[in-house]
Amino acid sequence: MHKIIKITLGAFLIVLGSAIAATAQLTIGEPGELPTGYIHLSPTEVAERVDNMIEAGEITSNGLVRTKSGIILSGTPHSLLIEAGVFYEYYSDCRYDTVYRYDDPYWAEVKGAWMTNWQFCHMLNR
């Protein structure tokens, strides 16, 4: 009886995990591990999306730094950088037992005498 329950539970978790991954396209990184850059959207597409957001009144152009060709160097909304694949939204801690969002206060907590949790995990993953 226990074997049937374990098999059923295992199959359920596999199906659930693949359904979540297929719909959310969620990728979990580790501190120190960086995506390879603009994976899903090009820098030009990101700049166009930012321009559309400015026109729609969702954001302002204050703080945007652009190149002469219009590519945004800084000031891009985080949600758009995550969508483009520039960095992950979620990262696992050093023990790989908890996943935190990139802006979770956990990452800024000091671990030991002088390093934050982010710095400590980054050092371990180098």
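What share of the contacts in the protein with a separation of 6 or more comes from residues 24 or more positions apart? The answer is 48%, where a contact means heavy atoms within 4.5 Å. Keep that in mind as you click around.

**Before you start**

You're looking at a predicted model, so local features need pLDDT of at least 70 and side-chain atom pairs count only at pLDDT 80 or more, while totals for chains, interfaces and linings use all residues. Residues are numbered from 1 along each chain as its sequence is written, and side-chain values use heavy atoms, with hydrogens and water left out.

**Stop 1: the whole chain**

Color everything by pLDDT, the predictor's confidence in each residue, from 0 to 100. The protein averages 80, and 76% of the residues score at least 70. Now select residues 18-24: here the pLDDT is below 50, and the stretch has two contacts in the model beyond near neighbours in sequence. Where pLDDT is low, the predicted coordinates should not be read in detail.

Switch to cartoon view. Walking from the N terminus, the elements go α-β-α-β-β-α-β-β-β-β-α.

Of the 126 residues, 25% are buried. Buried means under 20% relative accessible area, exposed means over 50%, and partly exposed is in between (1.4 Å probe, protein chains only).

**Stop 2: the open sheet**

Select E1, E4 and E5. These three strands form an open sheet in the order E1-E4-E5, with mixed pairing. E1 (28-29) and E5 stand at the edges with a single partner strand each, so one side of each has no neighbour in the sheet. Strands count as paired if DSSP finds at least two bridges between them; E4 and E5 have three, in the antiparallel sense.

Zoom in on Ser92, which is found in strand E4. Its bridge partner in E5 is Val99. Ser92 counts as buried, at 8% relative accessibility. Show its surroundings and, leaving out residues up to four places away in sequence, you'll see that Ser92 touches Ile28, Gly29, Glu30, Pro31, Thr98, Val99 and Trp107.

**Stop 3**

Step along to Asp93, in the loop between E4 and E5. Is Asp93 buried or exposed? At 1% relative accessibility, Asp93 counts as buried. Among the residues that Asp93 touches are Tyr100, Tyr106, Trp107 and Cys121.

Tyr96 is partly exposed, with a relative accessible area of 48%. Check its backbone: Tyr96 has a positive phi of about 60° although it is not a glycine. Most residues other than glycine have a negative phi.

**Stop 4: the disulfide**

Which two cysteines form a disulfide? Select Cys94 and Cys121, whose sulfur atoms are 1.8 Å apart (the cut-off for a disulfide is a pair of cysteine sulfur atoms within 2.5 Å). A search of the whole structure finds this one disulfide. Cys94 lies in the loop between E4 (90-92) and E5 (99-101) and Cys121 in helix H4 (residues 117-124), so the pair ties together parts 27 residues apart in sequence. The torsion about the S-S bond is about -125°, so the disulfide is left-handed. Cys94 is partly exposed at 22%, whereas Cys121 is buried at 1%.

**Stop 5: the cores**

Now select Leu81, Ile82, Phe87, Tyr88, Tyr91, Tyr100, Tyr102, Tyr106, Trp107 and Cys121. These 10 residues make up the largest nonpolar core, meaning a set of buried Ala, Val, Leu, Ile, Met, Phe, Trp, Tyr and Cys residues joined through side-chain atoms within 4.5 Å. Apart from it lies another core of nine residues, including Ala47, Val50, Met53 and Leu80.

**Last stop: Val46**

Finish in helix H2 (residues 43-55), at Val46. Val46 is buried, with a relative accessible area of 2%. Its contacts, leaving aside neighbours within four places in sequence, are Tyr38, Leu41, Thr76, Leu80 and Ala84.

Key: Helix = DSSP H or I, 4+ residues; strand = E, 2+ residues; numbered from the N terminus.
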